[in-house]
Amino acid sequence: MSSELFSVKGKGAVVIGAGSGIGKAIAELFNNLGGKVMASDMKGLEELSKIVNTFRADITNVNEVRDLVKFSLEKLGEINALYVTPSINVRKRIENYTYEEFDKVVNLNLKGTFIVLKEFLPVMKKIGGSVVLFSSIRGKVTEPGQSAYAATKAAIEQLAKTAAAEYGKYGIRVNVIAPGIVDTPFTQQIKNDPEWYRAYTEKTILKRWATPMEIASVAVFLAMPASSYITGTVIYVDGGWTAIDGRYEPNV
């Protein structure tokens, strides 16, 4: 019985944003634990295509998302878990932001996530399942240059809570993972700046960055029977970033 609680064996998962980073780690882990995976992204799926089903799709394009739903059902039979990881960030101060850049960030991070929910949730109503969206510590705490990104991440948390409220009666759980600083291609700009990299490292309680698999393990747990009473919540996987002040450690 306990082994079944912590299993995804035979379950079907759609992982969007699986071309690299956290999404790729989720797809690999879910597959390694005996699940069936449909990995989707705009690019970078060549390696995953050797072990799981793949499908290229732009989540800002409704027709492509609908095609992804159809193809996923054909290959997986049913969709028990859905992961939505794609995100972009343009780090600029508000007065330097262009309206085109703002639209680009909002269109992918927020509207794209909404499109995926709108197209997938009606299909998942038939059997229930787990949906995991991705916010960030920036949905709670911010810094200069994070205006549009932070706003979309806070919005995703409210979107997830609303989806949880609307679809709970169908056995669908909707949760959010809010990572801290993770070693992925998304954070290359920070890694390229030694001072910036060191400052982010020191801000965490654990004094290190997360690996993609440390985020993926929590994401896959949310598809297991062991997480069956978790819905409408935000789980911070941030090494303690949001738990402490971090400016100074007093001698007490």
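1. In the classes used here, Ala, Val, Leu, Ile, Met, Phe, Trp, Tyr, Cys and Pro count as nonpolar, Asp, Glu, Lys and Arg as charged, and the others, Gly among them, as polar. Sorted in this way, the lining of the largest pocket holds 18 nonpolar, 16 polar and six charged residues. The model from which these values were computed is a predicted one.

2. Two helices, H2 (21–32) and H5 (147–167), each contribute at least two residues to the lining of the largest pocket, and the largest share, three residues, is supplied by H2.

3. Turning to the chain as a whole, the protein chain carries eight helices and seven strands, and its C-alpha atoms occupy a box of roughly 55 × 45 × 35 Å when this is taken along the principal axes. Because a compact globule of 252 residues would have a radius of gyration near 18 Å, the 18 Å found for the protein chain agrees with that expectation. Of the 252 residues, 47% count as buried.

4. Helix H4 deserves a separate remark. This helix covers residues 99–124, 26 residues in total, and reaches 36 Å from its first C-alpha to its last, which is close to the 38 Å expected at 1.5 Å a residue. Helix H4 also has a kink of about 40°, and this kink is centred on Asn107.

Notes:
Residues are numbered from 1 along each chain as its sequence is written. This is a predicted model: local features need pLDDT of at least 70, side-chain atom pairs count only at pLDDT 80 or more; totals for chains, interfaces and linings use all residues. Side-chain values use heavy atoms; hydrogens and water are left out. Helices (H or I, at least four residues) and strands (E, at least two) are DSSP runs, numbered from the N terminus. The expected span of a helix is 1.5 Å times one less than its number of residues. The bend at a residue is the angle between axes fitted to the seven residues ending there and the seven starting there. The radius of gyration is taken over C-alpha atoms; the globule rule is 2.2 Å times the number of residues to the power 0.38. Buried means under 20% relative accessible area, exposed over 50%, partly exposed in between (1.4 Å probe, protein chains only).
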